[in-house]
Amino acid sequence: MVDNKKGLEKIDIVTTLICLAPVIVGALLYNKLPNQIATHFNVNFEPDSFSPKWFALFGLPVFMAVVQLISCVISKISEKENVDNKKMMFIVKMIIPILNFVIYFVFVGYALEIIKNVDFIMMGFCAIFFIVIGNYMPKIRQNGVLGVRVSWTLQNEEVWNKTHRFCGKLWVLTGVALFVLTFFDCFMISIILIVLNTVVVPLIYSYEVYKKVTAKED
């Protein structure tokens, strides 16, 4: 038990430091970047909000590091409940650091006029995210922190398992579809697809499974 706790604490520190790592790049490129950097893009992936250079290069990584620490504290609180979900918890802890690197790369690359297609990078990241998480979905054991957590999945382990096996396949297919859509101007279709396949379809499917399972038990 002691070794596991030390291991988790090491992961927390490492992932937080990863969030701060981009400031090195920011320091090296500081004089080459404009005083104002685009830090928000509209639905057409056009810049609609700018921030001072110092904030974009140094403030945002610090903010993301704080968010990462908070998420690590929350995961610590639920550590006992997720003893069977170690791999998934590790992946969850890596999401913010990786997202931080992607966002930072987009901000700096766009400011240097190296990156033109912000939509391609962001949608590509979403596609990879869905494929990776989808592969681990079926392995998530019943808990109150990770996965499709609604009353009927938490009440019945069979419903939980069937729901997450279904969601695993659905999320992988969603990732593949998003990857294909990155090559076309279909941002709104991608958003609708994400909402449907992360919220609507899983809830409908899991509830239908719940009704069948409970009817069989009766």
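These entries record what I looked up in the predicted model.

**Basis.** I worked from a predicted model in which local features need pLDDT of at least 70 and side-chain atom pairs count only at pLDDT 80 or more, while totals for chains, interfaces and linings use all residues. Residues are numbered from 1 along each chain as its sequence is written, and side-chain values use heavy atoms, with hydrogens and water left out.

**Overall layout.** I noted eight helices and two strands in the protein chain, taken as DSSP runs numbered from the N terminus (helices H or I, at least four residues; strands E, at least two). From the N terminus, the order of elements is α-α-β-β-α-α-α-α-α-α. I recorded a span of about 70 × 50 × 20 Å for the C-alpha trace along its principal axes.

**Helix packing.** Two packed helices are described by the angle between their axes and the distance between the axes. Axes here are lines fitted to C-alpha atoms, for helices over the stretch in contact, with angles from 0 to 180 degrees between N-to-C directions.

I looked up α5 (residues 118-136) and α7 (residues 157-181), whose axes come within 7 Å and cross at roughly 160°. That makes α5 roughly antiparallel to α7 (angles over 145 degrees; under 35 counts as roughly parallel, 65 to 115 as roughly perpendicular and the rest as oblique). The crossing of α5 and α7 is left-handed, meaning that the near helix is turned anticlockwise from the far one by less than a right angle; clockwise is right-handed.

I then followed α7 to α8, where the axes come within 9 Å and cross at roughly 160°. These two helices are therefore roughly antiparallel to each other, and α7 passes α8 in a right-handed crossing.

For α2 (residues 22-29) and α4, I noted an angle of about 15° and axes 11 Å apart. That makes α2 roughly parallel to α4. P22, V23, V25, G26 and L29 of α2 meet N100, F101, Y104 and V108 of α4.

**Salt bridges.** I found three in the structure, each a side-chain nitrogen of Lys or Arg within 4 Å of a carboxyl oxygen of Asp or Glu. One of them pairs D12 with K93, with the closest N and O atoms 2.7 Å apart. This pair links distant parts of the chain, since D12 lies in α1 (residues 2-20) and K93 in α4 (residues 86-111), 81 residues apart.

Definitions and conventions: Contact = heavy atoms within 4.5 Å.
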